[in-house]
Amino acid sequence: MPFPYYRRLNRADQAIYRASDRIHRIDLPSPERCRGAVAAVATALAAERRADLTLACQELSDELLAQLEIEPVTVRVLAVRPSRDWGELQGLYEPAEDGSDARVSLWMRTAQRKNPVAFKTFLRTLLHELGHHLDYELLELEDSFHTEGFFKRESSLFHQIAGGKTSREGT
Ligand SMILES: [Zn+2]
């Protein structure tokens with residue numbers, strides 16, 4: 001069952017949506033090699049050290065994309081999430097343009113109370129944005145839709161790199 005917005009897509013986009021929806025996981029050849037960077041993300045986020053957090057996210061992203069033989073993205077971590085009428089922006093993916101790498105932006109604190117984002121949420125947001133990159137570069141889809149398949153792929157990556165690691169997940 002596709003999400004309701006599927007019906008508003010044109011035929012070409014519906015075909016892309018269905019292709020995305022069919023793929024449920026992405027297997028990393030050596031997920032254990034991401035664990036060090038995952039731990040560094042947890043530590044830097046808890047300590048609210050933005051420079052360290054940026055480095056850790058970049059390291060994790062580089063490792064994960066290198067394992068899949070995909071072009072790297074530039075990760076940046078900003079202080080406070082922007083809030084809009086419709087809620088808070090979680091993260092942002094901007095595809096590569098001539099001469100510049102694709103870019104992922106993440107926010108360290110929530111807009112409302114300026115609390116640090118929970119580790120699990122933060123890691124999922126990073127994987128979500130990398131998921132858009134993988135849609136284009138690995139799966140070679142012409143667009144990157146939020147399909148059930150997309151969210152399953154995000155979860156599959158999460159469980160591979162953070163599976164069994166609950167002590168630092170927080171709330
Ligand atoms: Zn998204």
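β4 and strand β5, residues 102–109, pair in the antiparallel sense over 4 bridges. Pairing here means that DSSP finds at least two bridges between the strands. Helices (H or I, at least four residues) and strands (E, at least two) are DSSP runs, numbered from the N terminus.

The model is predicted: local features need pLDDT of at least 70, side-chain atom pairs count only at pLDDT 80 or more, and totals for chains, interfaces and linings use all residues. Residue numbers run from 1 along each chain as its sequence is written.

Now the whole sheet. It is open, with 3 strands in the order β1-β5-β4, and its pairing is mixed. Which strands stand at the edges? β1 (73–80) and β4 (91–94) do; each has a single partner strand, so one side of each is left without a neighbour in the sheet. On average, neighbouring strands are turned by 20 degrees against each other, direction ignored. The parallel part is β1 with β5, over 7 bridges. There, Leu-78 stands opposite Trp-107 in β5. As background, strands of a sheet pair through backbone hydrogen bonds, either parallel or antiparallel.

What packs on this sheet? Back to the pair of β4 and β5, antiparallel over 4 bridges. Helix α3, residues 50–67, packs on the sheet and touches β1 and β5. The direction of α3 makes about 150 degrees with that of β1. Helix α4, residues 119–137, also packs on the sheet, touching β1, β4 and β5. The direction of α4 makes about 20 degrees with that of β4. Axes are lines fitted to C-alpha atoms, for helices over the stretch in contact, and angles run from 0 to 180 degrees between N-to-C directions. Contact means that two C-beta atoms, placed from the backbone, lie within 7 Å.

Next, a helix pair. The axes of α1 (residues 11–22) and α5 (residues 148–162) come within 6 Å and cross at roughly 35 degrees. The crossing is left-handed; that is, the near helix is turned anticlockwise from the far one by less than a right angle, where clockwise would be right-handed. Which residues meet? Ser-20, Asp-21 and Arg-22 in α1 meet Glu-148, Gly-149 and Phe-150 in α5. That contact divides into 1 nonpolar, 2 polar and 3 charged residues. For the classes, Ala, Val, Leu, Ile, Met, Phe, Trp, Tyr, Cys and Pro count as nonpolar, Asp, Glu, Lys and Arg as charged, and the others, Gly among them, as polar.

Stay with α5. A quick length check: at 1.5 Å a residue, its 15 residues should span 21 Å, and the end C-alpha atoms are 21 Å apart, which agrees. The expected span is 1.5 Å times one less than the number of residues. The buried residues of α5 are Gly-149, Phe-150, Arg-153, Glu-154, Leu-157, Ile-161 and Ala-162. Buried means 20 or more other C-beta atoms within 10 Å of a residue's own, exposed means 12 or fewer, and partly exposed is in between, with C-beta atoms placed from the backbone. The cover over these buried residues includes α1, α2 (35–47) and α4.

Now some single residues. Tyr-136 is in helix α4. Tyr-136 has 18 C-beta neighbours inside 10 Å, so it counts as partly exposed. Beyond four places in sequence, Tyr-136 is in contact with Pro-95, Leu-141 and Ser-144. Tyr-136 and Pro-95 are 41 residues apart in sequence, yet 8.6 Å apart C-alpha to C-alpha.

Leu-139 lies in the loop between α4 and α5. Leu-139 is partly exposed, with 18 other C-beta atoms within 10 Å. Not counting residues up to four places away, Leu-139 touches Ile-23 and Leu-134.

Last, two backbone angles. Glu-48, in the loop between α2 and α3, has phi near 55 degrees, a positive value in a residue other than glycine. Glu-69, in the loop between α3 and β1, has a positive phi of about 60 degrees, and it is not a glycine either. Are they buried or exposed? Glu-48 counts as exposed, with 12 C-beta neighbours inside 10 Å. Glu-69 is exposed, with 9 other C-beta atoms within 10 Å.
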